[in-house]
Every structure is written in structure tokens, then in C-alpha cells.
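Thanks for asking me to look this one over. Here are my notes, point by point, with the cut-offs given as we go.

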Amino acid sequence: MIQRTLVLLSLLLALAACTHAPPRNPLAQWVPSPNFEPRRPVLIVLHATEQESAAASLDTLRTGNSGGPVSAHYLVGDDGATYQLVADELRAWHAGPGRWGTITDVNSASIGIELDNDGSEPFTDAQVAALLRLLEDLCERLDIPRTQVIAHADMAPTRKRDPGFRFPWKRLADAGFGLWPQAPLAEPPPGFDPWLALRLLGYPLQQDDSPGYAATVRAFRRHFRGDEGDALDAEDARILYALTRSASP
């Protein structure tokens with residue numbers, strides 16, 4: 001009886017080992033090398049679910065939908081409950097088309113965090129506190145630069161608006177996450193180009209992209225002004241000047 005139990009345990013351990021073994025190409029001889037590492041995200045993208053509840057969003061993020069399957073690494077409920085749906089080292093389907101700076105495949109380079117919010121309500125204190133704890137963990141554990149926390153709308157301004165103008169970016173900045181202009185704001189020097197500054201920050205602007213300009217300005221102002229204006233003004237220029245100076249090495 002004992003021998004049979006030991007044989008059964010051995011088989012179970014062998015099956016478990018096979019389950020976690022990396023996929024191997026049958027056309028090649030497996031000669032493993034230790035010189036590799038998991039995917040290393042360098043960016044965190046914040047989203048708003050724009051649904052009525054965390055339960056509804058958990059369903060959306062784990063099933064096929066009419067527009068195709070979507071996912072995220074984490075979902076933070078409005079009560080502060082935090083759920084992980086995709087392992088950090090894997091590529092979640094949260095960003096879609098868009099870019100940030102030189103990153104053209106944002107899904108491959110980022111962690112996606114969904115925030116349970118219907119798109120019109122304020123973000124709760126419990127939710128923001130939970131998000132800050134999560135950001136602290138991710139930036140520390142995965143060595144993601146703390147400045148590299150952006151909105152979904154920042155990297156896809158013509159398609160997305162989330163997490164929206166009500167999101168408290170200043171509170172995140174006070175905790176050390178994301179870029180924020182340091183007061184007092186100085187007047188930019190003569191010849192300062194705000195469009196070039198937007199590109200330097202990472203906003204996806206192309207030459208002769210007139211429709212995209214307004215969308216990008218709206219994304220920028222949601223993030224740094226808390227409104228949805230679509231034209232740059234003198235205050236925007238001062239903010240951009242401060243941001244590009246703080247972002248410079």
C-alpha cells in the first residue's frame with residue numbers, strides 16, 4: 001500500500017513538472033541555456049472600466065466579448081479590493097493600438113491596471129489608496145520607473161479618454177508616481193515649442209496630424225488640468241516647460 005502511494009505521488013509530481021515545463025519545439029533538440037529572463041515591463045497604464053461594477057468588469061476581462069477579448073493585469077475595485085487577472089511577466093491585452101514615446105507595442109512593455117469606475121463618478125479614497133499600494137509594489141519589485149505611470153488616453157488619445165478628468169493625478173504625484181509640474185511655474189523661453197514638448201513626453205503626435213492634435217491636447221489637459229479643453233494656452237506651455245525640464249536626465 002505504501003509503495004503504491006509512493007508510485008502515485010511520483011507520477012503526480014512528474015505530471016506537475018510537465019505542466020510547468022516551458023513549451024519546446026519538436027523540430028529542435030532541447031539544449032537549455034540559463035541566459036534569459038521574463039518579460040520586463042517599463043510602463044504602467046491606468047484605465048477606467050466604464051462599467052457598473054467590479055463584478056461586471058471581472059467578467060468582461062475574462063471572457064470573449066463582441067469587440068474581442070480584453071484583459072488587464074489588475075483590477076482595483078471602488079472599495080479598494082485588488083484582483084490580479086494576468087501574471088506580471090505575461091502580456092495582457094489592455095492597451096490596444098497606440099504608442100508612448102518609442103514604445104509602439106504598449107501591451108508588450110506595460111502593466112495594465114483597470115480601475116472600477118463608470119466614467120462619471122469620483123474615484124474613492126479606498127480605491128486610490130489601494131492603487132498607491134499596488135504601484136509601490138510594482139515599481140519596487142519590477143523596477144519600473146516611478147515616472148512611467150500614464151493614462152490609457154495618454155497613449156491612445158484619438159480612441160480613449162480613461163481614466164478621465166476626475167482621476168487624481170496630483171495625489172499620485174504627491175506619492176511619487178507619474179510626472180507632475182513643480183511649482184512655481186516659469187515662463188518658457190522664446191522659441192519654446194509646446195508640440196515638441198508633448199512629443200518629448202511621449203504623446204503620439206505625427207506631422208500634419210490635425211485631428212490628432214485636438215485629441216492629444218484633450219488627453220494632456222485631462223491629465224494635468226482636470227478638464228477637457230482641446231486648445232493649448234499659456235498655462236499649458238508653462239506646464240509643458242516644467243514637465244520637460246523635470247523629465248530631462
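**Notes on the fold and its spaces**

1. Of the 249 residues of the protein, 39% count as buried, where buried means under 20% relative accessible area, exposed over 50% and partly exposed in between, with a 1.4 Å probe and protein chains only. Please keep in mind that this is a predicted model, with local features needing pLDDT of at least 70, side-chain atom pairs counted only at pLDDT 80 or more, and totals for chains, interfaces and linings using all residues. Residues are numbered from 1 along each chain as its sequence is written, and side-chain values use heavy atoms, with hydrogens and water left out.

2. The protein has 9 helices and 5 strands; these are DSSP runs numbered from the N terminus, helices being H or I with at least four residues and strands E with at least two. Along the sequence, the pattern reads α-β-α-β-β-α-β-α-β-α-α-α-α-α.

3. The 5 strands form an open, mixed sheet in the order S3-S2-S4-S1-S5, with two strands taken as paired if DSSP finds at least two bridges between them. Strand S3 (82-84) and strand S5 (149-151) each have a single partner strand, so one side of each is left without a neighbour in the sheet. On average, neighbouring strands are turned by 25° against each other, direction ignored; axes here are lines fitted to C-alpha atoms, for helices over the stretch in contact, and angles run from 0 to 180 degrees between N-to-C directions.

4. Helix H4 (residues 125-142) packs on this sheet, touching S1 (43-48), S2, S3, S4 (110-115) and S5, contact meaning heavy atoms within 4.5 Å. The direction of H4 makes about 170° with that of S4.

5. How are the strands around S4 joined? S1 and S4 run parallel and share 6 bridges, with Leu 46 opposite Ile 113. S2 and S4 are also parallel, joined by 3 bridges, and there Val 76 has Leu 115 as its bridge partner. Towards S3, strand S2 (residues 74-76) runs antiparallel with 3 bridges, and Val 76 is partnered by Thr 82.

6. S4 itself is well covered, with 6 of its 6 residues buried. Ser 110, Gly 112 and Glu 114 are buried on one side, and Ile 111, Ile 113 and Leu 115 on the other.

7. Have a look at Arg 39, in the loop between helix H1 (2-20) and S1. The C-alpha atoms of Arg 39 and Glu 89 are separated by 5.2 Å, although the two residues are 50 apart along the chain. Beyond neighbours within four places in sequence, the contacts of Arg 39 include His 73, Asp 88, Arg 91 and Asn 107.

8. The largest pocket holds about 500 Å³. Here a pocket is an open set of points on a 1 Å grid over the protein atoms alone, with protein on both sides within 12 Å along at least five of seven lines; a cavity is a set where a 1.4 Å probe fits but cannot get out, and lining residues have an atom within 4 Å of a point. Grid points are joined across faces, edges and corners, and a volume is the space filled by probe spheres set on the points. Of the 25 residues lining this pocket, Val 70, His 94, Glu 114, His 152 and Lys 160 lie nearest its centre. S1 and helix H2 (54-60) are the elements giving two or more residues to the lining.

9. There are 2 cavities of 30 Å³ or more, and the largest cavity has about 90 Å³ of space. Its lining includes Trp 100, Asp 154, Tyr 203 and Phe 224, while S5 and helix H8 (210-224) each supply at least two lining residues.
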